[in-house]
Every structure is written in C-alpha cells, then in structure tokens.
Amino acid sequence: MYASMRTYRIDAGSVDDLMHRIDRDFAEAIAQEPGFVAYECIDMGRGKICTLSMFRTQEQAEESNELAAAWVAEHLTDFSIERMGVMCGDVMVSRANAEMLVPAHH
C-alpha cells in the first residue's frame, strides 16, 4: 500500500465550506479511482489542510496527486488554494478500527 500526503493553505473562504465541497465532490471522485484504499482530509487549523490518499500501488498514489491538482485548479479557485507540499511513501505499518470504514461527512 502507498500513501500520498498533500498539504494546502487557503486564503479565501471558510474551511467548513471547503470541507463540505471536498466531501461532496472530490472524495467521491477519488474513491472511484483504480487501487483506491482510503482518503482523509484533515483541518490543520489556521487555514491549512492536509489530505491523505492511500492506494494499492505507488503509481496509483502518485496519479492521485495529478488528479487532486487538476480538481483543485478546476473546482476550488474561489478558495485561493496554494499547494504547500506533496509526499508519497510506502505504508509500512497500518491499523484501523471498524469506525474508519464509515465515511465521515462534513
């Protein structure tokens, strides 16, 4: 399993509105991608968010970065989002309880 972590800063709009749009549109889209395992979007405070996408292969995780960049550029211009960083890596240890299988909605 491979993970891709992306960090962003928003300069306009509210984090709540952004999270709602991500939940409604992007989370569903990325969940349909080949090799999808999991997606999380985290409010880091002070206008910063972090996303974590997990896929079966490294290539799929890296492709999710391109998908995310295109989606942000097309659908989130009103938030003035800046991508601060992207990191990918091999998931070496993982645990989750059954609660993680229930989508969290904002």
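Predicted model: local features only at pLDDT ≥ 70, side-chain atom pairs only at ≥ 80, totals over all residues.

Biologist: Fine. In what order do the four strands sit in the sheet?

Modeller: The order is E2-E3-E1-E4, in an open sheet with antiparallel pairing. Strands (E, at least two residues) and helices (H or I, at least four) are DSSP runs, numbered from the N terminus. Two strands pair if DSSP finds at least two bridges between them.

Biologist: Which ones are the edge strands?

Modeller: E2 and E4, each of which pairs on one side only. From one strand to the next, the twist averages 15 degrees. Angles like that run from 0 to 180 degrees between N-to-C directions, with axes being lines fitted to C-alpha atoms, for helices over the stretch in contact.

Biologist: How many bridges join E1 to E3?

Modeller: Eight, with E1 covering residues 2-10. Within that pairing, Met 5 stands opposite Leu 52 in E3.

Biologist: And the helices, what do they touch?

Modeller: Helix H1 (residues 15-31) packs on the sheet and touches E1, E2, E3 and E4, its direction making about 170 degrees with that of E2. H2 packs on the sheet too, touching E1, E3 and E4, and its direction makes about 20 degrees with that of E1. Contact here means heavy atoms within 4.5 Å.

Biologist: Where is the kink in H1 centred?

Modeller: On Asp 23, with a kink of about 40 degrees. The bend at a residue is the angle between axes fitted to the seven residues ending there and the seven starting there.

Biologist: Is Asp 23 buried or exposed?

Modeller: Buried, and other buried residues of H1 include Leu 18, Ile 22, Phe 26 and Ile 30. Buried means under 20% relative accessible area, exposed over 50%, and partly exposed in between (1.4 Å probe, protein chains only). The buried residues of H1 pack against E1, E2, E3, H2 and E4.

Biologist: What does Ile 49 touch?

Modeller: Leaving out residues up to four places away in sequence, its contacts include Val 15, Leu 18, Met 19 and Ile 22, plus Tyr 8 and Cys 41.

Biologist: Switching to rings. How many aromatic pairs are there?

Modeller: Three. Phe 26 and Tyr 39 make an edge-to-face pair, 5.5 Å centre to centre with 70 degrees between the planes. Rings of Phe, Tyr and Trp (its six-membered ring) pair if their centres lie within 6.5 Å; planes under 30 degrees apart count as stacked, over 60 as edge-to-face and the rest as tilted. Phe 26 is in helix H1 and Tyr 39 in strand E2, 13 residues apart. Both are buried, and together with Trp 71 they form one aromatic cluster.

Biologist: I care about cysteines. Where is Cys 50 found?

Modeller: In strand E3. Cys 50 counts as buried because its relative accessible area is 6%. Its bridge partner is Ile 42, and beyond its neighbours within four places in sequence it is in contact with Cys 41 and Met 5, among others.

Biologist: Last one. Which loop holds Arg 46?

Modeller: The one between strand E2 (36-45) and strand E3 (48-55). That hairpin has two residues between the strands, and Arg 46 takes a positive phi near 50 degrees. Most residues other than glycine have a negative phi. Arg 46 counts as exposed because its relative accessibility is 85%.

Biologist: And Ser 80?

Modeller: Phi of Ser 80 is also positive, near 50 degrees. Ser 80 lies in the loop between helix H2 (58-75) and strand E4 (81-90), and at 37% relative accessibility it counts as partly exposed.

Key
Residues numbered from 1 in each chain as written. Heavy atoms only, no water.
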